[in-house]
Amino acid sequence: MLRVVPLAAGWLLPRGPSVPRFSRVRAWPLGHGGLRPWRAGSAEAGRRSVLKTPKGTRDHPPAYTALRDRLLAAVVTCFKRHGAAAIDTPVLELRETLMGKYGEEAKLIYELQDQGGELLALRYDLTVPFARYLAMNKITNMKRYHIAKVYRRDNPATTRGRYREFYQCDFDIAGQFDPMIPDAECLKIVHEILSDLQLGDFLIKVNDRRILNGIFAVCGIPESKFVTVCCTVDKLDKVPWEEVRGEMVGEKGLSPEAADHIGEYVQLHGGLELIERLLQDPKLSQNKLAKEGLGDMKLLFEYLTLFGITGKISFDLSLARGLDYYTGVIFEAVLLQQENEHVEEPVSVGSVAGGGRYDELVGMFDPKGRKVPCVGVSIGIERIFSILEQRMKASGEKVRTTETQVLVATPHKHLLAARLKLISELWGAGIKAEMLYKKDPKLLKQLQYCEDTGIPLAAIVGEQELTDGVVKLRDVATRVEGTRDYSPKQMAIRERVFNAIISCFKRHGAEVIDTPVFELKVSSLSLKMLFVRVSFCCRRH
């Protein structure tokens with residue numbers, strides 16, 4: 001087996017017997033007959049190499065990354081507010097860990113070639129690795145969140161936020177608790193995050209796998225077909241009932257009567273009234289699974305009423321979520337839009353969160369089959385990114401890509417040393433500061449850099465300022481260097497800058513004096529210069 005090892009001066013050479021030495025090898029593309037070297041910049045490389053990201057992936061430029069970090073911070077803040085701890089798991093899992101957990105979606109798993117005797121795959125989601133983590137570490141009680149990339153060999157739709165490599169933000173509660181209390185908290189978290197992000201109107205659909213299985217049973221569907229029929233029902237949010245019915249009859253082997261009977265149920269949606277009505281249904285009320293699911297759904301709505309969020313919740317019997325591991329309550333959040341004034345009901349423009357209860361998944365990994373009940377939610381952050389990115393482009397809004405608070409600037413030549421000393425003091429005080437990497441930059445270019453990058457303040461050190469032992473602070477947006485009112489955020493930044501500068505002055509032996517705001521009008525030279533916009537100056541005697 002060949003091993004590629006990095007060497008000095010950019011070499012990448014394989015290590016093994018009878019391997020020729022090549023100069024400046026940059027890559028080892030697969031060609032006819034196996035591995036063969038090629039050189040960067042060669043005509044052959046130019047013909048073969050196309051600079052692009054793989055299908056369904058993308059680079060993240062600074063503005064996108066800044067927007068993503070802002071969104072992730074809001075999500076993490078909510079997770080922490082609800083008491084979750086963070087974990088991390090490998091991006092690689094054993095193939096056997098992932099297989100048999102995702103139903104028809106298992107075909108989307110990225111499988112890897114044999115790696116030293118282990119069959120591996122890229123993780124498809126964060127839920128199965130979490131269940132494996134619980135079983136492997138014998139954990140029976142945990143509230144965790146996990147934010148990481150997952151991989152699916154799906155048909156990408158980048159404008160809709162569907163990629164092959166994307167982030168998931170998961171919150172899960174593991175442990176034996178009283179019914180529906182953790183489930184209600186998961187729905188509350190979804191409501192909080194979507195409300196905080198101000199994405200527009202949204203709806204959280206809820207259902208229960210036990211209710212669906214009960215419906216299939218009373219409609220005469222054999223238990224062996226529950227999962228596959230469930231996957232078909234899950235398509236109702238994308239295609240009309242006629243197409244779903246056609247698939248049930250034509251591909252799943254259901255009779256037309258059974259499909260029509262299922263359709264009478266799965267096209268219903270509502271709230272507590274619908275739950276009460278189904279509890280009185282002569283057929284469903286006789287099915288144990290459906291009765292349990294409806295009873296828990298009623299309890300869930302009671303808790304959601306106490307949380308004050310039932311206005312955004314819909315009990316929707318078409319919601320199925322095709323993953324095999326769900327065993328109870330399932331939910332999905334969608335954004336809504338009003339197509340025109342004549343449409344009575346808003347239409348869905350895409351799912352932005354989903355989750356549910358999976359009480360048996362951990363037991364599939366435990367050698368003794370010990371179960372750990374779990375419920376969780378995943379926030380579709382990539383979909384949210386795409387929505388906000390489109391809005392940002394449409395509005396022309398600029399996103400700051402750095403957090404720099406002040407630029408250290410000089411208006412004259414030969415003052416690089418002064419800039420370096422001052423910026424070092426600011427960094428030492430924990431203030432986010434920058435300077436241009438030129439010995440003698442023009443002041444206009446320095447201030448233009450502030451405007452281009454959104455830096456709010458410029459600390460200007462000129463010859464006169466050095467003579468007087470002061471620093472002039474300029475508000476870049478208003479171009480004001482005199483006194484003015486400040487917002488709390490600007491005051492906080494300003495005070496940190498001032499404190500750092502004053503500490504430096506004192507460390508160099510300066511004393512503080514104060515002079516009146518008013519001076520006798522003797523000449524124009526007697527007018528007081530306003531430095532650092534504070535009512536004191538430092539003097540070295």
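Tutor: Let us begin with the word contact, which means heavy atoms within 4.5 Å. The model is a predicted one, in which local features need pLDDT of at least 70 and side-chain atom pairs count only at pLDDT 80 or more, while totals for chains, interfaces and linings use all residues. Residues are numbered from 1 along each chain as its sequence is written, and side-chain values use heavy atoms, with hydrogens and water left out.

Student: Which residues does D170 touch, not counting residues up to four places away in sequence?

Tutor: With those neighbours set aside, D170 touches F79, L126, T127, R144, Y145, H146, V377 and S378. D170 has its place in strand β9, where strands (E, at least two residues) and helices (H or I, at least four) are DSSP runs numbered from the N terminus.

Student: What makes D170 count as buried or exposed?

Tutor: Buried means under 20% relative accessible area, exposed means over 50%, and partly exposed lies in between, with a 1.4 Å probe and protein chains only. The relative accessible area of D170 is 1%, and therefore D170 is buried.

Student: What joins the side chains of D170 and S378?

Tutor: A polar contact of 2.7 Å joins them. The term stands for a pair of N or O atoms within 3.5 Å; within protein, one must be able to donate a hydrogen and the other to accept it, and residues adjacent in sequence count only if both atoms are side-chain atoms. Another aspartate, D475, lies in strand β19 (residues 472–475) and counts as buried at 4% relative accessibility. The side chain of D475 reaches the backbone nitrogen of A477 at 3.1 Å, and a polar atom of that side chain lies 3.2 Å from the backbone nitrogen of T478.

Student: How do you know that helix α4 is mostly covered?

Tutor: Helix α4, residues 127–136, has 8 of its 10 residues buried, and these are T127, V128, P129, F130, A131, R132, L134 and A135. The elements that cover them include β6 (92–94), α3 (95–98), β8 (142–151), β9 (165–174), α12 (361–365) and β15 (374–379). Just after α4, K138 takes a positive phi of about 55 degrees.

Student: Why is the pair of Y64 and F385 given the name it has?

Tutor: The structure holds 8 aromatic pairs. In the pair of Y64 and F385, the ring centres are 5.4 Å apart and the planes stand at 75 degrees, so the pair is edge-to-face. Rings of Phe, Tyr and Trp (its six-membered ring) pair if their centres lie within 6.5 Å, with planes under 30 degrees apart counted as stacked, over 60 as edge-to-face and the rest as tilted.

Student: Which parts does this pair tie together?

Tutor: Y64 lies in helix α2 (residues 62–81) and F385 in helix α13 (residues 381–395), so the pair ties together parts that are 321 residues apart in sequence. Y64 counts as buried at 4% relative accessibility, as does F385 at 1%.

Student: How do you know that the length of α2 agrees with expectation?

Tutor: The expected span of a helix is 1.5 Å times one less than its number of residues. For the 20 residues of α2 this should give 28 Å, and the end C-alpha atoms are 28 Å apart, which agrees. After α2 comes G83, whose phi is positive, near 85 degrees.
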